[in-house]
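Me: I have a structure to go through with you. Can we start with the charged contacts and work outwards from there?

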Amino acid sequence: MKLSQFRFRLPEEQIALEPPHKVFENEDGTIDKVYRRDECRMMVVHRKSQTIDMYEKDADGNDTSEFITFRSLVNYFDEGDVILLNDSKVFPARLFGTKEKTDAKIEVFLLRELNEELRLWDVLVEPARKIRIGNKLFFEDDGPMVAEVIDNTTSRGRTLRFLYDCPHDEFKQELFALGSAPLPRYIIDHREVNDDDMENFQTIFARHEGAVTAPASGLHFSRELMKRLEIRGINFAYITVHCGLGAFDTIEVEDLTKHKMSSEQMVVTSEACEITNEAKRNGHRVCIVGVSTLRAAETAVGTDCMLKEFNGWTNRFIFPPYEFGMADALIANFYHSESTMVMATAAFGGYELVMKAYQKAIDNGYQFGCYGDCMLIVDD
């Protein structure tokens, strides 16, 4: 397929800058926000019948005026079904420092730690033209956190060595204390990061640190909803995919077969395999949450359509047409034009049907992006 087939116009006001929330005015005039992550809208796309549901049904099966929300997810699955989630944990990857001598303000985006003992980190810097090998960056006016640039990796990429002599755990704690939530550029270009973002930009089941962007489709799960799913007899399985920035890379080729995805580190444990494969063997459904989780599952699935243990990296690029090995359902957010996430969603749901759903989302004011609304694709 061609890149231009995934191009659409998204009104700027339909890019979600915050999660779903209610605003309350206190008696003293101050404003409080209560975030309710499971109250986003959920469009339901049916692959076999080629139908799209946006509204809740009444007792007679007719559409009401109420949009389906994520809280209704419990109505679409049965006892024994499995929801496969990504338990990667986002760390506060965006820091701001100053360059020695010039005091120029530099944004440093931490990607991953290369060497614990030497305090080496792979990072992106902005503006990159000002940062050369040998430069030192200071992250506090009078504090001890200093880094030296020791290598250029890409046009914006650098390797930094942090000059901080202390136990590794203490160093990491101090480093992360200087950082903020690594919200996507389409959010921070319109507002500043706030104190709520580090919690909001994290799934409630995050366990294994390493992601520099949230597994966004998992952000909709609340503790209350997961309890309701559990009571219904629906099981959860967890794999780890450390989401990187590759999904936001601009695709520069029209022919999608020529695009190369950046790699993401992933782990599939024996426990995840047991839970998922037992459901498949017993005729139950597996719902995958998020495109990164989908890519990882497709990397680790065998020819027998069963999940296998895996510890490594994946650069799986999924776009139509694609034959999936395991998933029966998919939860995905609404993504930006020409993104690899739209392509993977269209591969799972069918190009024509998913693009029709996207047009309905735009026409009906659905919110796009990591804090936005979502789509559930089911196989009926």
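**Charged contacts and other features**

Reply: R285 has a relative accessible area of 26%, so it is partly exposed. This is a predicted model.

Me: Which side chain does R285 meet in a salt bridge?
Reply: D78, with 3.5 Å from N to O. The pair links distant parts of the chain, 207 residues apart. R285 sits in the loop between α5 (270-281) and β18 (286-289), and D78 in the loop between β6 (63-67) and β7 (82-86).

Me: Which residues are in the network with D78 and R285?
Reply: Salt bridges that share partners join D78, D81, R232 and R285 into one network.

Me: How many salt bridges in total?
Reply: The count comes to 23 salt bridges. One of them is between K33 and E18, where the closest N and O atoms are 2.8 Å apart. That pair also links distant parts of the chain: K33 is in strand β2 and E18 in the segment before β1, 15 residues apart. K33 is partly exposed, at 39% relative accessibility.

Me: What about R94, which partner does it have?
Reply: The side chain of R94 meets that of E107 in a salt bridge, at 3.2 Å from N to O. R94 is in strand β9 and E107 in strand β10 (residues 105-115), 13 residues apart. Both R94 and E107 are buried.

Me: Where do negative charges gather on the surface?
Reply: In a patch made of E25, E27, D28 and D32. D28 is in the loop between β1 (21-25) and β2 (31-35). At 60% relative accessibility, D28 counts as exposed.

Me: Switching to rings. How many aromatic pairs are there?
Reply: The count is 22 aromatic pairs. One of them is F91 with F176: the ring centres are 5.2 Å apart and the planes are at 15 degrees, so the pair is stacked.

Me: Where do F91 and F176 sit in the chain?
Reply: F91 is in the loop between β8 (88-90) and β9 (94-99), while F176 is in helix α1 (residues 168-177). They are 85 residues apart, and the pair links distant parts of the chain.

Me: Which residues do ring pairs link into a cluster?
Reply: F8, Y55, F67, F334, Y358, Y366 and F368.

Me: Next, helix α6. Why is it described as largely enclosed?
Reply: Because ten of the ten residues of α6 (residues 291-300) are buried, the helix is largely enclosed by the rest of the structure. Among the buried residues are the charged side chains R295 and E298, along with V291 and L294.

Me: Which residues other than glycine have a positive phi?
Reply: R119 is one of them, with phi near 60 degrees, and C305 has a phi of about 65 degrees.

Me: Where is R119, and is it buried or exposed?
Reply: R119 lies in the loop between β10 and β11. At 9% relative accessibility, R119 counts as buried.

Me: Last one, K260. Where does it lie?
Reply: K260 is in the loop between β16 (235-241) and β17 (264-268). At 67% relative accessibility, K260 counts as exposed.

Me: How far is the C-alpha of K260 from that of N315?
Reply: The two C-alpha atoms are separated by 7.7 Å, with K260 and N315 being 55 residues apart along the chain.

Notes: Residues are numbered from 1 along each chain as its sequence is written. This is a predicted model: local features need pLDDT of at least 70, side-chain atom pairs count only at pLDDT 80 or more; totals for chains, interfaces and linings use all residues. Side-chain values use heavy atoms; hydrogens and water are left out. Patches are made of residues with over 30% relative accessible area and no salt bridge: like charges are joined within 9 Å, nonpolar side chains (Val, Leu, Ile, Met, Phe, Trp, Tyr) within 5 Å. Accessible areas come from the Shrake-Rupley method with a 1.4 Å probe; for residues, only the protein chains shown count as cover. A salt bridge is a side-chain nitrogen of Lys or Arg within 4 Å of a carboxyl oxygen of Asp or Glu. The place of a charge is taken as NZ of Lys, CZ of Arg, CG of Asp or CD of Glu. Helices (H or I, at least four residues) and strands (E, at least two) are DSSP runs, numbered from the N terminus. Buried means under 20% relative accessible area, exposed over 50%, partly exposed in between (1.4 Å probe, protein chains only). Rings of Phe, Tyr and Trp (its six-membered ring) pair if their centres lie within 6.5 Å; planes under 30 degrees apart count as stacked, over 60 as edge-to-face and the rest as tilted.
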